[in-house]
Amino acid sequence: LIIFICLVGPIISGRSADEGILKEKNLPPSFMFWFGTDELGRDLFTRVCRGGRVSLFIALTGAVIDMTIGLIYGGISAYAGGKVDIVMMRIVEILSSIPYLIVAVLVSLVFGKGICSIIIAMTITGWCFTARLVRGQVLQIKNLDFVLAARALGTKPFKIITKHLLPNTVSIMIIALTFNIPSFIFGEAFLSYIGLGIQPPYTSWGRLASEAQKTMLFYPYQLFFPALFISLTSLSIQIIGDALRDAMDPHLRKYK
């Protein structure tokens, strides 16, 4: 429902997200303006829908990148084992220890502020958790009979990893994906809120919240609706993740 609203909302409202009428500024929610208007007279419903597209795009793109890198890195580390595994995991620990805000500031200084900078800043260290998750799963299955049989038949290690080991981590990856997406939504909102994220003329839920906090005491609805969509989206994806975990993990299934 949230994705549908973000896609068709501006069409339904028929109003521009970038152009407003000053005489209609800071109007409260009404039948004409469902979410009210901002300080420039722009329709907040249209801007929330437009900002949702950006926030969801960043979240989905970043989560897929994290999943891809973590899947490959964790799979290779677990299959290689020994010193290779130790070195690769120490690299993961070093990256995980770097403060997230420092990475975001450095990336914004090098690449500028915008969508690409946010994705880069959040994926530089974001894949480490996925890599650990995949490594643990691969360590459990790499000594099973079908993997040992593939080795005995002379199958190349890369083929064993891609054809036998990684496909058996798909269920965990789907679950991890549903938990990564909310973290990216909150991360984008945080960076945009402190001025390191989305820049005009583009907007996002975090950017809308940042703009609304200046007049929060006088026009609280301008902050309420972006925050509401951030919370509902994260809650929805968390619920989906819980359902997928119960459905795909036989140990957690509840039979009536």
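Which helix gives the most to the lining of the largest pocket? Keep that in mind while you go through these points, and remember that this is a predicted model.

1. Let's start with the pocket. The largest pocket has a volume of about 180 Å³. Its lining is made up of L1, I2, I3, L56, L60, I181, T233, S236 and I237. By type, that's seven nonpolar residues, two polar ones and no charged ones.

2. Now for the opening question: α11 gives the most to this lining, with three residues. Looking at who supplies at least two residues each, you'll find α1 (2–13), α2 (44–80) and α11 (221–248).

3. Next, the inside of the protein. The largest nonpolar core has 33 residues, and F35, V48, I185 and W205 have the most contacts inside it. Two or more residues come from each of α1, α2, α4 (100–111), α5 (115–123), α9 (170–193), α10 (205–212) and α11. Of these, α2 gives the most to the core, with nine residues.

4. Have a look at I185 on your screen. Setting aside residues up to four places away in sequence, I185 touches L56, A59, I230, T233, S234 and I237. There is also a second, separate core of 13 residues, with Y79, V138, I160 and L165 among them.

5. Finally, find T130 in helix α6, which covers residues 127–141. Is T130 buried or exposed? T130 counts as buried because its relative accessibility is 0%, and the cut-off for buried is under 20%. Leaving out neighbours within four places in sequence, T130 is in contact with D66, M67, G70, L71, M173 and N180.

Technical notes:
Residues are numbered from 1 along each chain as its sequence is written. This is a predicted model: local features need pLDDT of at least 70, side-chain atom pairs count only at pLDDT 80 or more; totals for chains, interfaces and linings use all residues. Side-chain values use heavy atoms; hydrogens and water are left out. Helices (H or I, at least four residues) and strands (E, at least two) are DSSP runs, numbered from the N terminus. Buried means under 20% relative accessible area, exposed over 50%, partly exposed in between (1.4 Å probe, protein chains only). Contact means heavy atoms within 4.5 Å. On a 1 Å grid over the protein atoms alone, a cavity is a set of points where a 1.4 Å probe fits but cannot get out, and a pocket is an open set with protein on both sides within 12 Å along at least five of seven lines; lining residues have an atom within 4 Å of a point. Grid points are joined across faces, edges and corners, and a volume is the space filled by probe spheres set on the points. Ala, Val, Leu, Ile, Met, Phe, Trp, Tyr, Cys and Pro count as nonpolar, Asp, Glu, Lys and Arg as charged, and the others, Gly among them, as polar. A nonpolar core is a set of buried Ala, Val, Leu, Ile, Met, Phe, Trp, Tyr and Cys residues joined through side-chain atoms within 4.5 Å.
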